[in-house]
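Please look at the sequence and the structure shown below, and then read the report that follows, which goes through a few selected features one after another.

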Amino acid sequence: MDEKKFQLAEKLRTYISCYGINDFTEERLKKVGLTTADLEGNFSKREEIVELILTHERACFEKIFNEYNFDGWNAIDILLLVSNEINERFFDVTPSVTMVLAKDFPEIFEIHKNLRSDFIYEKIKINIEKGMQQGMYKKDVSSEMLARMFIAKLNDIHNPEIYPPEGFTFNTIFSNLIDNLVKAITNEEGKSYYKQRKQLYNVLNFR
């Protein structure tokens, strides 16, 4: 996604978080830095707006993973850093917007969810295998099974019956998912390392 499209998607995501997807007015568009001409010049139907916003969300996930060269990193530190970066940029990936789109455009959202899941699945699977090689994770775990379990729980974030948005923040849910994953896969050495590093990250981020 080029920079112009990325910025357009960010503004549209802000608009939808405030006003929804069903009514675009010049006055409201102006508040997020857009005009009706911007919409007419880039989209012929609402589905194209939805596709751009969801593509932007996936790009934000991918950017977090791709910004860092994790070669030589400890697998636990990778998970902590990724979790921290997602928390820092949570508006770009928070499900509060995509819940609205999932309801009104289920077919488009399903394609988005599958593409996002495939990307994160591969990253989690690689991380589990890396941690096993480094002696931080248990040797008798299935990287494929645990990665699929993580994805299933991640997708539950978009289910308001499981996580009503008024009761759970995205930051809290995602951090707990990472926490539970690490506790399930680490050996004693890994658990000790994770506890120390998590405390350090919390201090550095004043949480």
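## Two helices in contact

Leu79, Ser83, Ile86 and Asn87 in α5 meet Phe170, Asn171, Phe174, Ser175, Ile178, Leu181 and Val182 in α10, where contact means heavy atoms within 4.5 Å and helices are DSSP runs (H or I, at least four residues) numbered from the N terminus. The model is a predicted one, in which local features need pLDDT of at least 70 and side-chain atom pairs count only at pLDDT 80 or more, while totals for chains, interfaces and linings use all residues. Residues are numbered from 1 along each chain as its sequence is written, and side-chain values use heavy atoms, with hydrogens and water left out.

The axes of α5 (residues 75-88) and α10 (residues 170-185) come within 10 Å and cross at roughly 170°, which makes α5 roughly antiparallel to α10 (a term for angles over 145 degrees, taken between N-to-C directions on a scale from 0 to 180, with axes fitted to C-alpha atoms over the stretch in contact).

## A buried arginine

Arginine 116 lies in helix α8 (residues 106-133), and it counts as buried because its relative accessibility is 4%, buried being under 20% relative accessible area with a 1.4 Å probe and protein chains only. Not counting residues up to four places away in sequence, arginine 116 touches Glu57, Arg58, Phe61, Asn155 and His158.

## Contacts of isoleucine 128

If neighbours within four places in sequence are left aside, isoleucine 128 is in contact with Tyr137, Val141, Ser143, Leu146, Ala147 and Ile185.

Conventions: Parallel < 35°, antiparallel > 145°, perpendicular 65-115°, else oblique. Buried < 20%, exposed > 50% of the residue type's maximum accessible area, 1.4 Å probe, protein only.
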